[in-house]
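Welcome! Let's look at a protein together and ask what lies behind the words used to describe it.

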Amino acid sequence: MRMTKSLSCCVVAVVALAGALCIPVNSSAQTTGVEVTFTKDVAPILQRSCQGCHRAGELAPMSLGSYQEVRPWARSIKAKVASRAMPPWHVDQTIGITKFKDDPALSDREIETIVKWVDAGAPQGNPADLPAPRQFTEAGAWQIGTPDLIIKFPAYAVAAAGPDLFGELLADIPIDEDRYIKAIQTRSVTRSSHKVVHHALSYSADRGEGSTMGDGGQFLVEYAQGKNAEVYPEGTGVLLKKGQQARLSYHFHSIGEEAKAEVELGLVLYPKGYAPKHIRWSRQLAQPTTPLDIPAGTVARSDGYTILHKPARLISFQPHMHNLGKRQCLELIYPTSGTRTTTELINCADFNNNWHLTYNYADDVQPLVPAGTILHNIQWHDNSAANPRALDPKNWVGDGQRTIDEMGFFWIGWVELTEEEYKTQLAERKAAQRMAVPSGRQ
Ligand code: HEC
């Protein structure tokens, strides 16, 4: 199939992370002659979408506050926003569900503004136009608000060089009665810690329960580099039992300098005595049906499936792959009705191992699925020289735990529904959709 000219231009822009942006011929960028300036147009965008990470003490490499700080980065900023590499948000916004909680993505118009500003020589503009500085609470602030409980795991010294490290760390859970978790976030405390923690799964478990590879007890939350917080929908929670210990099943790796891995867990709890109506599940699902087999120099596809035996409301989607991860899609295969089986592509997200992003669906679009629905994982691993993260495209790669091996599954967050609840929620959704006026990003 031949691509149209404008489409191939977009593809090139994305693949090469180049600055070229496909702007439709009749776009406002070309018809308005008003000057775009830092103080009036660009600073508000950077405040909202970039400074959360690009400020002193946060994980990004440079601060994007003042004009003087931003100016030297102008060309790089243009390239990163035009290719949608920044802010990190890799879900394909042209497919399936596009409404998420805390979506940091820039709108087409915002990208256009930044590109136009850089192309015009990145002028400062009138200092009086500058918005008041955004107030931040503290560096590394919790995304879940102030936690009711912070569980700190013991610090772990990671040598400058050595094999990948796997194991578990233990910490007490200081509660005197059973409580339900409302929101949870794993935080890698320092910047050097951030670099050495490849991933860390936390569990709550009875003392002595579980194996050293972390499959015992109740799973709480996954953390991997660049991961954001998980907030459960209202009335939904995860049980935290008193007297148990928190277990962190970790995977650290050396980074060429000595570093300390310091991980802590922040939890917002429901009030004492409150039991939410629904338990929120989160599991690694749809593992590939055959072991990953990614020959040297190629792109390989694999598929995995998980059947949901009860009706469900899907809450979040998070791809998990390693360095060769290119893209992952979640398709729903609905139960066969008569002779018809329908499928629906829910999301596709490009993958970058620096960023393990959870896409939390907005409440009014969380997929409501009947019992028997199959979650289908379609994924691609890129072991070619075109992938800058492929360590050695001349080598075959397969499954494994190490950072240089591959993995591929998704984390799905969901709540189970009774048949009654499913029918009611579906009817409510349909009614709301009939009332809704179409709206889009601006
Ligand atoms: C969630 C945190 C986060 C947000 C939000 C974010 N960045 Fe970044 N940014 C990073 C990190 C971490 C890096 C370095 C690693 C990487 O490139 O993935 C980076 C790298 C960059 C770079 C490349 C720096 C270099 O060394 O070449 C640019 C340019 C950039 N960001 C611009 C932006 C802009 C503009 C925004 C907002 C529109 C933004 N970022 C939003 C975390 C963030």
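**The iron site and a sheet**

The site of the iron atom of the ligand is octahedral, with angles of 84 to 179° among its six donor atoms. This is a predicted model, where local features need pLDDT of at least 70, side-chain atom pairs count only at pLDDT 80 or more, and totals for chains, interfaces and linings use all residues. Residues are numbered from 1 along each chain as its sequence is written, and side-chain values use heavy atoms, with hydrogens and water left out.

Q: What makes the site of the iron atom octahedral?
A: Six donors count as octahedral if opposite donors are over 155 degrees apart and all others between 65 and 115. The six donor atoms here, with angles of 84 to 179°, are classed as octahedral.

Q: Which residues are the protein donors of the iron atom?
A: They are H54 (NE2) and M86 (SD), lying 2.0 to 2.3 Å from the iron. Donors are N, O and S atoms within 2.8 Å of the metal (3.2 Å for Na, K and Ca), and water is not among the atoms, so sites may look incomplete.

Q: Why is H54 called buried?
A: Buried means under 20% relative accessible area, exposed over 50%, and partly exposed in between (1.4 Å probe, protein chains only). H54 has 11%, so it is buried.

Q: Why is M86 called partly exposed?
A: Its relative accessible area is 27%, so M86 is partly exposed.

Q: How do you know that strand 14 and strand 20 pair?
A: Two strands pair if DSSP finds at least two bridges between them. Strand 14 and strand 20 (residues 374–382) have nine bridges, in the antiparallel sense.

How values were computed. Tetrahedral: all angles 85-135°; square planar, octahedral: opposite > 155°, others 65-115°. Helix = DSSP H or I, 4+ residues; strand = E, 2+ residues; numbered from the N terminus.
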